[in-house]
Protein chains: 4
Amino acid sequence: MRISFIGLGNMGRPIAASLLKAGFDLTVWNRSPHRADDLVAAGAARAASPAEASRADVVITMLADDAAVAQVAFEGRLVERLPRDAVHVSMSTISVRLSQRLAAAHQEHGGTYVSAPVFGRPEAAAAAKLFVVCAGPEPAIERMQPIFDVIGQRTFRFGERPEQANVVKLSGNFLIASVIESLGEAFALTRKSGIDPHAYIDMLTATLFAAPVYRTYGGLIADERYHPAGFRLPLGLKDVSLVLEAARDQNVPLPIASLVRDRMIEGLAQGFEDADWSVLGAVAARAAGL
Amino acid sequence: MRISFIGLGNMGRPIAASLLKAGFDLTVWNRSPHRADDLVAAGAARAASPAEASRADVVITMLADDAAVAQVAFEGRLVERLPRDAVHVSMSTISVRLSQRLAAAHQEHGGTYVSAPVFGRPEAAAAAKLFVVCAGPEPAIERMQPIFDVIGQRTFRFGERPEQANVVKLSGNFLIASVIESLGEAFALTRKSGIDPHAYIDMLTATLFAAPVYRTYGGLIADERYHPAGFRLPLGLKDVSLVLEAARDQNVPLPIASLVRDRMIEGLAQGFEDADWSVLGAVAARAAGL
Amino acid sequence: MRISFIGLGNMGRPIAASLLKAGFDLTVWNRSPHRADDLVAAGAARAASPAEASRADVVITMLADDAAVAQVAFEGRLVERLPRDAVHVSMSTISVRLSQRLAAAHQEHGGTYVSAPVFGRPEAAAAAKLFVVCAGPEPAIERMQPIFDVIGQRTFRFGERPEQANVVKLSGNFLIASVIESLGEAFALTRKSGIDPHAYIDMLTATLFAAPVYRTYGGLIADERYHPAGFRLPLGLKDVSLVLEAARDQNVPLPIASLVRDRMIEGLAQGFEDADWSVLGAVAARAAGL
Amino acid sequence: MRISFIGLGNMGRPIAASLLKAGFDLTVWNRSPHRADDLVAAGAARAASPAEASRADVVITMLADDAAVAQVAFEGRLVERLPRDAVHVSMSTISVRLSQRLAAAHQEHGGTYVSAPVFGRPEAAAAAKLFVVCAGPEPAIERMQPIFDVIGQRTFRFGERPEQANVVKLSGNFLIASVIESLGEAFALTRKSGIDPHAYIDMLTATLFAAPVYRTYGGLIADERYHPAGFRLPLGLKDVSLVLEAARDQNVPLPIASLVRDRMIEGLAQGFEDADWSVLGAVAARAAGL
């Protein structure tokens, strides 16, 4: 199975490396070619363009946003050059609308589209411990399973329509954002009441809230450690905007997402553009006069 | 150490039983006396009134709400009859204001007040697996520790001012309510997108949200199983109102709490008075036209 | 018709003066007696206590808040001393709950209770141009009409239950608060877009928004003139809290009121305690980084 | 001065008729040509395409939305065919982004762009009583003033950058939406309190809220008369979304706009797609269990 991998950013590079190490026949492409050097040195082939990379059994894209994926898929001609029966696996966190558009375009050109965004940060990608959330035609998903097994610790399947995976992924990011905002508010209250923030988060994560998301973001807010950013505030705002768009397309109100969006914009107005999205904790603190 | 236990509801009864089993010299009182029968049969003494129960080294109250605690403490004369150097431990989820008032009143009468609300449902109380959140004068807390060790799996201390424990407890309930509301919204979106709710919550709780609060409430919403209520919606509204009051007293805005409060009221307007507070999932579904 | 007037603050004094000028037999009482001096010099009788003032055909209370009204009515024994068939007219902006309680108490003691809060600021009171919003038993209202005609430019009747007038009054204050908040947001956007705030409010009030409330508050926000306060922020928060309480008692969610409440608390956290409630414009500007 | 008028919908037709009646040399174009028949019969010339209509001193567009304006301006080649020194006046309620793009595109091709959206409904357009909100280069605005004088009762100028007029227009629609939502909430509360809705709105509009916007929308909500729609809910949602986008581009949080957006989506989920946007009153009533 020949695999092409397009997009060698902080997430794409370790994923591609896992595939290479597992013995797959791998071709890579990245806009800044130098980011492919390590992989090429380790045995990957280098494609000169997305179009060239499209000649494979499986083409995986792991790119920054909708614009980058659309660029590769349409202007870069991935959609039209993908061989019949080959599969395009999109791992980026993209909009439901783009996922629907990709599914339709691939169908028109005889290819197959699978959406498989992942939960996990670069460290998890490097350790091949990602969680893969996928949707698309069952047979194609079956064929992709060996790939998912190599890069992730577990795969979750959500339906025949690829965009369903994007709904799940975006709703997951919405839940994370809700946790950050609610923790920000709770910390503002407890700090103003003279309660030690580390004792507070330790209690929470030792009891009902013993989950990674509370440990990670609770720790960052307790420490007021918003730099360097693991995930920058504008990216958080992008994802919350995408979930609001997806919900709007289905006539689903998401009042907490709207509230979080406003607080993120407030954070940008206060100059937190380069901060981690947990900086919502600072926005809540400032609103409370801390 | 003679302990009096006032309030033998769903939480109070198993806690009192644990204390009795551990060998403490226990006196009990409950407004409906028959709820004390089992404990008396097992060796506890029965007090004829709160005032009589107040003659002890430690008086624990575990009552429904502010009104019930104030009734016992002031009209019932617990505050004035508590022996000098004895300790009143309040385990109920009460307001910060009442806790401040109790602390001041006890101080005036020579007694000591400790606030020690707990996290955990009746099953956890029966298994002596509660989490105790306490605050108050350090020496009194030290003396109470053997009691907390008997009823809970772990104790968390939060400061010298008893009401700090109430802030922590109320903020914890606020965080639970936030989880319920955000899950309700996420389920509305994913269900409308054709995603199986059980597959969805399984994925969440297997990954970033692997915490009891997501398992419990995610399961209830996925099942749309809002009866019988583990914790009724009006009680949830009471606690969210108390956290908003506490935050208002400190000039801390809590926009998510305000939003949740409105959704709870919407739920009451729809007749969900006897439903579990996870019925916010049904409110979100209905707003989405499901 | 002997009238007693209790409460000679910024609103009460000019109202009482209008009644005196109109020839009514007037007795006055105020906690700080010196505020009654002018009226006594002009012919009013001075009561030594609320209880003494209660011996009249009509007792009007115009006091700061629920606590002050309850103090006069219950501790001050207005309710029990009011003659049979006499009428207590409450003009203060008080809670629906207190109005219900007063109606019940008066009924029990043989008196009649009418609620008649007013719209208008001290200048309008001095010019006898208030708007009177009243509710209560029809015959009593009829008897009070000559009084309302003297102090206001128009009377609006809303029902047989006195608290209905309080609902109307509180909901009106809620609408004013909504106007302030929405103007604050609109100004933040237009100012950040380089639009002159005075040109902006001039356009609004010359077109669709040609109403006093937009002129008054739009002007204050355009000028950023939040001192001296015509109506202080904490009083605005009190009224928004009362409308939320009244709505909660009827199971009516008021999401805009909740949002405004949070912004007011944010304003208090920023030190705007002595500012006019139009200072919500400054809160919105600050959130936008202005 | 030769004027071309593009877009003969409910607003465009009466405006074009006013210009013709005032003696301007008028050419018209509409996608459905038959809507131009009356005007042509009355003396207007008919253009075969937007491109042909672009050969004029002034080209006015009054189209449904961003897509329609962009279609005419770019694919229809208005921008490139507009004569040097001629002026494109956009009267539609379009996005700030599109207005910026049009200004830049016209500048590149030697034309001039003026933004001049209007407040007023079709009846006001027919009576030449619109309010014109304009922005753009001062000399071009000066030249357009005779046109604005013919169609409107008053013109308001807001700056040199055309998109400033769009910010003002969108913020105005946001304020209208805020009024509708807050009235909806106030009516829910007062109706549940047994207060007659017509008496209520009569009081409001006779006092502090004596403005057209309260009369119009208060009347519709009091009557629960949401059909036929003067302005359909999806159009209201479009405008609120545009103001949120404009505010986001400037880092201005608009929490009330976010809240209104969610309620509008809730309305769509309940099947109110063809209702007037005042149907937010029904959404609020339903949330209150009415």
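This note covers the pairing of chains A and D and the sheet of chain C in a predicted model.

1. **How chains A and D are related.** A rotation of 180 degrees superposes chain A on chain D. The shift along the axis is 0.0 Å, and the RMSD is 0.0 Å. The two copies are therefore related as by a two-fold rotation axis. Which C-alpha of chain A is nearest the axis? That of Ser258(A), which is 2.9 Å from the axis.

2. **The shared surface.** Of the interface residues of chain A, 100% are also interface residues in chain D, so the copies meet through the same surface. On the side of chain A, 15 residues are in contact with 15 residues of chain D.

3. About 1,300 Å² is buried between chain A and chain D. Carbon and sulfur atoms give 56% of that area. Three residues deserve a look: Arg248(A), Asn251(A) and Asp262(A). Together they supply 36% of the area that chain A buries against chain D, more than any other three residues.

4. **Polar links across the A–D interface.** How many salt bridges are counted between chain A and chain D? The count is zero. Polar contacts are present, however: six residue pairs make them, with both residues at pLDDT 80 or more.

5. **Which helices face chain D.** Two elements of chain A give two or more residues to the side that touches chain D. They are α12(A), residues 233–249, and α13(A), residues 255–269. The most comes from α13(A), with eight residues.

6. **The sheet of chain C.** Turn now to chain C. Its open sheet has six strands with parallel pairing. The order is β3-β2-β1-β4-β5-β6. The edge strands are β3(C), residues 45–46, and β6(C), residues 112–115. Each of these edge strands pairs on one side only.

7. **The β1–β4 pair.** In chain C, strand β1 (residues 2–6) runs parallel to strand β4 (residues 58–61). Four bridges join the two strands.

Technical notes. Residues numbered from 1 in each chain as written. Chains lettered and ligands numbered in written order. Predicted model: local features only at pLDDT ≥ 70, side-chain atom pairs only at ≥ 80, totals over all residues. Heavy atoms only, no water. Least-squares fit on C-alpha atoms with pLDDT ≥ 70 in both. Contact = heavy atoms within 4.5 Å. Pairing = 2+ DSSP bridges. Buried area = accessible area lost by both parts, 1.4 Å probe. Salt bridge = Lys/Arg side-chain N within 4 Å of Asp/Glu carboxyl O. Polar contact = N/O pair within 3.5 Å; in protein donor to acceptor, adjacent residues only side chain to side chain.
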